[in-house]
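Let's take a friendly look inside a protein model.

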Amino acid sequence: MVAYALTYFNVAGRAEIIRLLFIVSGTLFTDNRIEPAQWPALKANTTWGSLPYLEVDGKILGQSNAIVYYVSNQLGLGGEGEWNRAIVQSIVFATNDIKDGLSQFVRGDPSLKEKNLSKLKDATIPTILGRAEKVIQVYGSDDYSVGSKLTVADLALYDTIRQVEANKQTGITNIAANYPRIAKVLAKVAAHPKIVEYLAKEAPSTA
């Protein structure tokens with residue numbers, strides 16, 4: 001059996017989608033949640049000097065996008081067929097733009113906080129979700145964004161929107177109200193028994 005160990009801070013951030021891949025697939029993994037004070041001692045031994053990183057049978061893989069791609073395909077959540085897998089990844093990459101905007105708002109220049117929030121709320125989120133809605137119309141089904149079963153694209157939409165709405169500083173709520181196809185995807189993911197159990201017991205802060 002493959003031994004997986006994921007290392008990241010004790011927050012959702014860039015690692016939560018990876019955790020969700022392991023959770024929904026029922027795959028055992030070690031969830032190493034470190035404190036910021038521990039990071040300098042670990043940094044020198046990482047491939048890219050960044051978190052998260054994933055150990056797979058002793059080998060280390062860095063960069064969150066690479067980890068998501070690898071894990072989703074290893075666990076059967078990457079999509080069926082080369083074309084659908086590419087569409088799945090396009091949704092995953094697009095949601096990263098929203099996470100980048102959220103990070104810029106939270107951790108960026110305090111003097112630009114209002115400007116960054118406005119950009120996130122009025123430009124980035126509606127642009128990305130509007131386009132994702134159209135992609136789902138072409139490639140998805142009633143409950144899933146690509147194909148007829150759960151993929152990492154569904155988890156990416158769910159995780160991204162959950163992190164934005166959970167951050168009380170943004171004041172952004174009910175994001176999917178204007179995107180009915182995305183709303184169905186979110187509802188399906190949120191009702192997954194393993195995700196319900198995880199959020200009740202183990203999920204880290206989304207701050």
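## A cavity and a helix pair

The largest cavity has a volume of about 70 Å³. On a 1 Å grid over the protein atoms alone, a cavity is a set of points where a 1.4 Å probe fits but cannot get out; its volume is the space filled by probe spheres set on the points, which are joined across faces, edges and corners. The structure holds 1 cavity of 30 Å³ or more.

This is a predicted model, where local features need pLDDT of at least 70 and side-chain atom pairs pLDDT 80 or more, while totals for chains, interfaces and linings use all residues. Residues are numbered from 1 along each chain as its sequence is written, and side-chain values use heavy atoms, without hydrogens and water.

Which residues line the largest cavity? They are R14, I17, S64, N65, V68, V92, T95, N96, K99 and A156, each with an atom within 4 Å of a cavity point. Helix α4 gives the most to this lining, with 4 residues.

Now turn to helices α5 (residues 113–139) and α7 (residues 180–190), which pack at an angle of about 80°, with their axes 8 Å apart. That makes α5 roughly perpendicular to α7, a label for angles of 65 to 115 degrees. Their contact (heavy atoms within 4.5 Å) brings these residues together:

| Helix | Residues in the contact |
|---|---|
| α5 | L129, A132, E133, I136 and Q137 |
| α7 | P180, R181, I182 and V185 |

Helices here are DSSP runs (H or I) of at least four residues, numbered from the N terminus.

Notes: 1 Å grid on protein atoms, 1.4 Å probe; cavity = no way out; pocket = protein on both sides within 12 Å on 5 of 7 lines; lining within 4 Å. Helix = DSSP H or I, 4+ residues; strand = E, 2+ residues; numbered from the N terminus. Axes fitted to C-alpha atoms, helices over the stretch in contact; angles between N-to-C directions. Parallel < 35°, antiparallel > 145°, perpendicular 65-115°, else oblique.
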